Structures are given as structure tokens and as C-alpha cells.
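Please read this briefing alongside the sequence and the coordinates, which are shown below. The notes after them are grouped by topic.

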Amino acid sequence: MSFITSQALEATGYVVLDDYDQSADPAEWLGLEYVGWRSSGITRFAPLASYAGDIDCNGFWNHTPPRTDKDGVWISSQVEKAPNLVRRAQEPGANVGRCRVIELQPNTYADAIYNLHQDDNNRLNEDGTGWVVRGWFNLTDDSDSLLILREDRFDPATEIRLALPAGSRIIVDTQRFWHAVWQQGPEPRYSLITSWTSGPELDAYISANNGEQHPPSVELDPQLVADAQLELHRRIEERRRIFEAQGIVMEPPAELYN
Ligand SMILES: [Fe+2]
């Protein structure tokens with residue numbers, strides 16, 4: 001047995017869909033209830049679907065009984081405020097696990113590289129069922145900002161950079177890729193993030209929206225990249241020393257961010 005995966009993600013592990021006309025919808029995300037939640041950078045989250053329908057961002061496996069990132073329960077107070085966001089999360093017809101809007105404050109490229117992490121969407125997922133992937137719908141127009149993906153956390157040669165204009169839609173196997181966003185700002189970025197179960201529904205949705213498996217990666221100044229690598233290692237070492245002084249063994253980043 002093995003997990004059911006998406007044909008469209010087979011080649012590269014990510015896919016960019018046609019842009020959605022974001023300007024046609026109201027800015028529903030501004031009226032949602034947000035809670036502080038530790039992720040990549042300075043973030044808050046507005047959950048739309050959670051473990052039990054509460055305003056809660058925790059992984060479904062951190063509840064009793066634990067389960068994988070599937071069968072999210074819609075939060076009625078949030079759904080009322082964001083019918084378009086809910087419609088869009090449900091549009092593929094794939095099972096939805098966690099669904100939330102992320103608010104990310106501006107950061108630097110070096111911050112983003114330090115924030116690279118893998119998600120843990122498939123903890124407790126049962127072999128033979130669909131692999132959980134993530135959809136990112138950019139809500140604000142962050143055309144100069146980049147979603148950064150790396151197959152190897154420490155190797156910039158594996159880096160893919162995807163621009164984030166309003167309406168951009170990207171689906172990624174976030175457990176496979178190290179990922180983070182460089183938000184240039186000056187305003188925060190808002191994005192709808194949905195955990196979807198891979199299967200024929202998701203495949204059909206990707207196909208109907210012209211999923212591109214080889215989108216262009218944005219070029220960056222090699223010096224900026226090299227400086228960020230040095231900064232990455234400097235920060236990791238600094239953090240290791242702080243933890244060591246407290247007698248704590250450093251956790252792997254995959255455990256820190258979800
Ligand atoms: Fe993530």
C-alpha cells in the first residue's frame with residue numbers, strides 16, 4: 001500500500017494554477033477573528049476550519065482523540081464572515097483539514113531562509129488514503145514577495161521562488177518542501193491556506209485551472225542569497241548556544257512550525 005498522491009504534483013511537488021480574480025471579492029479576511037500562532041515569522045492566523053469547530057489552530061494530532069489533518073470542522077462565526085473564502089476552499093471538492101487565513105508581517109529574505117520548515121500534515125495519516133497537501137491562495141497583492149521552496153533546507157541550488165500577486169494559487173506538498181515566504185511589505189500578507197486530501201477531486205481541480213508544473217522561478221542577486229546562507233548558519237548556531245545554556249536539546253524545525 002502507499003498513499004494516494006496527486007498526478008499533477010508528481011513531477012515537481014508543486015503546481016501553480018491560473019490566477020483567481022481576487023479584485024471581484026470583498027476583503028473578507030479583514031473582518032475575521034485572528035489568534036496568535038507560531039509559524040514562519042511574525043504571524044497571526046484566522047482559522048476557518050479546525051479540529052472541533054473552535055477558534056483553534058493546533059494540529060489535529062494534538063487533540064484527543066488525535067487524527068490527521070482531515071475532516072476539519074467549519075467554524076460558524078468565521079464562515080459567516082467569509083463565504084467566498086469558504087467557497088474557494090471547498091471548490092476542489094477534496095477533503096479539507098485545517099483551513100485558515102495567515103497574516104504575515106514584512107520580513108527579509110534572510111528571515112525567510114531562516115524560517116524555512118516542512119509541514120507535518122500527514123502525521124497519523126493512514127497508508128492507502130490520500131496524502132495531505134496545502135493550497136495557498138494569496139489574498140493581498142504581494143507581487144514583489146516570494147514563496148520560497150527548497151528540497152534541501154541548506155542548499156540554495158534547490159530553491160524555487162514563486163511570486164505572490166493577488167489571486168495567485170499555489171498547491172505544494174509542504175511536507176516534502178522546506179518553505180517560507182519573503183514578504184517585502186510594507187503591509188502584511190494575507191493568504192488562505194487549506195489542507196486538502198490528494199485524490200481524483202484535487203487532480204480534476206488542478207487540471208481545470210491549468211496547473212503549471214514548471215512555473216518560472218524568480219531570479220535573485222546571488223550575493224543576497226550567499227549572505228542569507230551565512231546568516232542562516234549564524235542564527236542556527238546562536239540558537240543552539242542559547243538552548244544549550246538552558247540545558248535544552250534543540251528540536252528540529254519541522255516540530256516547531258506547522
Ligand atoms: Fe508551512
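A residue is called buried when its relative accessible area is under 20%, exposed when it is over 50%, and partly exposed in between, using a 1.4 Å probe and protein chains only. This is a predicted model, in which local features need pLDDT of at least 70 and side-chain atom pairs count only at pLDDT 80 or more, while totals for chains, interfaces and linings use all residues. Residues are numbered from 1 along each chain as its sequence is written, and side-chain values use heavy atoms, with hydrogens and water left out. Helices (H or I, at least four residues) and strands (E, at least two) are DSSP runs numbered from the N terminus.

**Confidence**
- The average pLDDT, the predictor's confidence in each residue on a scale from 0 to 100, is 93 for the protein, and 96% of the residues score at least 70.
- Over residues 254-258 pLDDT stays under 50.

**Helix H6**
- Helix H6 (residues 222-245) has 24 residues and reaches 35 Å from its first C-alpha to its last, close to the 34 Å expected at 1.5 Å a residue, the expected span being 1.5 Å times one less than the number of residues.
- The buried residues in H6 include Val-225, Leu-232, Arg-235, Ile-236, Arg-239 and Phe-243.
- Just after H6, Gly-247 takes a positive phi of about 75 degrees.

**Nonpolar core**
- A nonpolar core is a set of buried Ala, Val, Leu, Ile, Met, Phe, Trp, Tyr and Cys residues joined through side-chain atoms within 4.5 Å; of the 28 residues in the largest one, Leu-32, Leu-85, Val-101, Ile-171 and Leu-192 touch the most other members.
- A second, separate core of 17 residues includes Cys-57, Leu-104, Ile-170 and Val-181.

**Gln-183**
- Gln-183 is found in the loop between E10 and E11, and it counts as buried because its relative accessibility is 1%.
- Leaving aside neighbours within four places in sequence, Gln-183 is in contact (heavy atoms within 4.5 Å) with residues including Leu-104, Asn-107, Asp-142 and Arg-189.
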